[in-house]
Amino acid sequence: MALVLHAGWPNKNALKTLIAAEYSGIEVELVKDFQMGVSNKSPEFLKMNPIGKVPVLETPDGPVFESNAIARYVTRLKADNPLYGSSLIEYAQIEQWIDFSTNEIDINVTRWHSPRLGFLQYNAQVEELAIASLKRGLEALSIHLAKNTYLVGHSVTLADIILGCNLYNGFTRIMTKSFTSEFPHVERYFWTIVNQPNFRKIVGEVKQAESVPPIASKKPAHPKEPAKPKEAKKEAKKEVKKEEPKPKAEEPAEEEEEAPKPKPKNPLDLLPPSKMILDEWKRLYSNTKTNFREVAIKGFWDMYDPEGYSLWFCDYKYNDENTVSFVTLNKVGGFLQRMDLARKYAFGKMLVIGSDSPYKVKGLWLFRGKDIPQFVLDECYDMELYEWTKVDINDEGQKERVNAFIEDQEPFEGEALLDAKCFK
C-alpha cells in the first residue's frame with residue numbers, strides 16, 4: 001500500500017510531508033478531490049482522525065495525524081536520513097527548532113491571519129499580542145540566522161522544511177515586505193529555502209503578500225437575501241406580456257451602468273484650502289540639522305493652521321505590558337507602518353520612554369482637519385489602543401509639550417528616551 005496523504009491543496013501542513021518525502025526519496029500520494037469540510041467529515045476519515053483535522057497520512061500500519069508527526073515519520077522511513085542531522089546534538093537541535101517554529105512562528109501567524117478572514121473572532125488586542133509575539137520570534141530567529149545559513153549544520157534539515165512551510169504561510173498571506181524588512185536575515189533565509197529545488201518542485205514560484213487582508217465584516221450575511229432577485233424576476237415575467245422591454249435585455253444594461261463608478265474622494269481632500277502646506281513642514285523638519293528650536297519649531301508654529309489642522313497627544317493604554325524593549329519598539333514600528341494610509345494627511349512623533357521596563361509609549365500627531373480622520377479610526381486598529389487628547393494651543397504648557405515631542409527632548413518629562421520615531 002502506498003502512503004496516501006489526506007489534505008486539501010494548497011495546505012502548508014501538507015507541504016511539510018510532501019517536501020520531506022521529496023528530499024527522502026519516499027513516494028507519497030496526495031489524495032485527489034479532497035474537500036475541506038466534506039472529506040474530513042466522512043466516516044472513513046473520522047476513523048483515521050476522530051476530530052477531523054487535516055492532514056492525515058494513511059500507511060500500511062495505520063494512520064498518522066498531526067503534520068509534524070507525519071513529516072517525522074516520512075523522514076525516518078529513510079535510514080540515516082541527513083534531514084535528521086549526523087549526531088545526537090544535531091538531532092536535538094532539529095527537534096528544538098521544529099518546536100520553536102510551531103510555538104513562536106506558526107501559532108502567531110495563525111492568530112494574526114485567521115481572525116482577519118473571519119475564521120476566529122477579531123480582537124485588536126489579541127492581534128497586537130500575536131504580532132508582537134511573532135516579531136519576538138522572528139527577532140530571535142534573525143539573531144541565529146545572522147551567523148547561520150540553515151538552522152542546524154550546513155544543509156537543509158527537517159527543521160528547515162517545517163520552518164520554511166510555516167514562514168511560507170506567513171510570507172504569502174499576511175507578512176508583507178514592509179513587515180519582513182525588519183528581519184533581513186529571516187528574509188534571506190526564507191528565499192534561500194523556498195528556492196531549493198525540492199521545495200520549488202512542490203510549491204512552485206513563491207510571491208510575497210502585497211497587503212494585509214482587511215478585517216472580515218462583522219455583519220452576518222442574510223440567507224434570505226438572494227431570494228429577492230428571484231421574486232423580482234417572477235414579477236418581471238408576469239409583466240412581460242403587457243410591456244415591451246424584456247427582463248433579460250434590461251439586466252446587462254443595469255450592470256453596465258453600475259460598473260464604472262468613480263473612486264470616491266477622501267473627505268479630507270474636500271476641506272477648504274489651508275495655509276499650512278504639510279509637505280513644506282515635513283521638508284523643514286527633515287532639513288533642519290542645527291538650531292532646531294529657532295528654525296524648525298518656530299517654523300512649525302508660523303505655518304500651523306488651527307482651522308485646517310489639529311494636534312493630538314496619544315498615550316498607550318497598556319504600558320504595564322511593555323516589559324521587553326525590542327517588543328515595545330516593534331509595536332511602535334508596526335503602528336507607524338499601518339498609519340501609512342494617512343501619510344498624505346498626517347505627521348507624527350512617537351516616543352518610547354524609560355530606562356527600565358515597563359516602558360511608556362507616548363506620541364504627538366498632526367492631522368488634517370479638526371478631528372482625527374474617520375478613515376484612520378476605521379482602518380488602523382492601533383488607534384483604539386491609545387488615549388487621544390486634543391491639544392489646546394492656547395495653553396502654553398501644552399504648546400511647550402508639543403515642542404518637546406517635535407525635538408525629541410531628553411529627558412522627556414523627567415525620564416530617559418529609549419527611542420524616538422517620526423512619521424512623515
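1. Start with β5: this strand, residues 309–316, pairs with β8 in the antiparallel sense over five bridges. Pairing here requires at least two bridges found by DSSP between the two strands. Strands are DSSP runs of E with at least two residues, helices are runs of H or I with at least four, and both are numbered from the N terminus. Tyr316 stands opposite Tyr386 in β8.

2. A word on the source: this is a predicted model, where local features need pLDDT of at least 70 and side-chain atom pairs count only at pLDDT 80 or more, while totals for chains, interfaces and linings use all residues. Residues are numbered from 1 along each chain as its sequence is written, and side-chain values use heavy atoms, with hydrogens and water left out.

3. Now the whole sheet. Five strands make an open, antiparallel sheet in the order β8-β5-β7-β6-β9. From one strand to the next, the twist averages 15°; axes are lines fitted to C-alpha atoms (for helices, over the stretch in contact), and angles run from 0 to 180 degrees between N-to-C directions.

4. Helix α12 (residues 278–287) lies across β5, β6 (346–353), β7 (360–368) and β9, at about 40° to β6. Helix α14 (residues 325–338) packs on the sheet and touches β5, β6, β7, β8 and β9, with its direction at about 10° to that of β9. Contact means heavy atoms within 4.5 Å.

5. Leaving out residues up to four places away in sequence, Val327 touches Ala132 and Arg136. Val327 and Ala132 are 195 residues apart in sequence, yet 6.0 Å apart C-alpha to C-alpha.

6. Pro306 sits in the loop between α13 (292–303) and β5 and is partly exposed, at 38% relative accessible area. Its contacts, not counting residues up to four places away in sequence, are Lys370 and Ile393.

7. Finally, the cores: sets of buried Ala, Val, Leu, Ile, Met, Phe, Trp, Tyr and Cys residues joined through side-chain atoms within 4.5 Å. In the largest, with 84 residues, Leu158, Met339, Trp365 and Trp388 touch the most other members. Helix α6 (residues 158–173) gives this core its largest share, nine residues. Another core of 26 residues lies apart from it, including Tyr285, Trp301, Phe313 and Leu366.

Definitions and conventions
Buried < 20%, exposed > 50% of the residue type's maximum accessible area, 1.4 Å probe, protein only.
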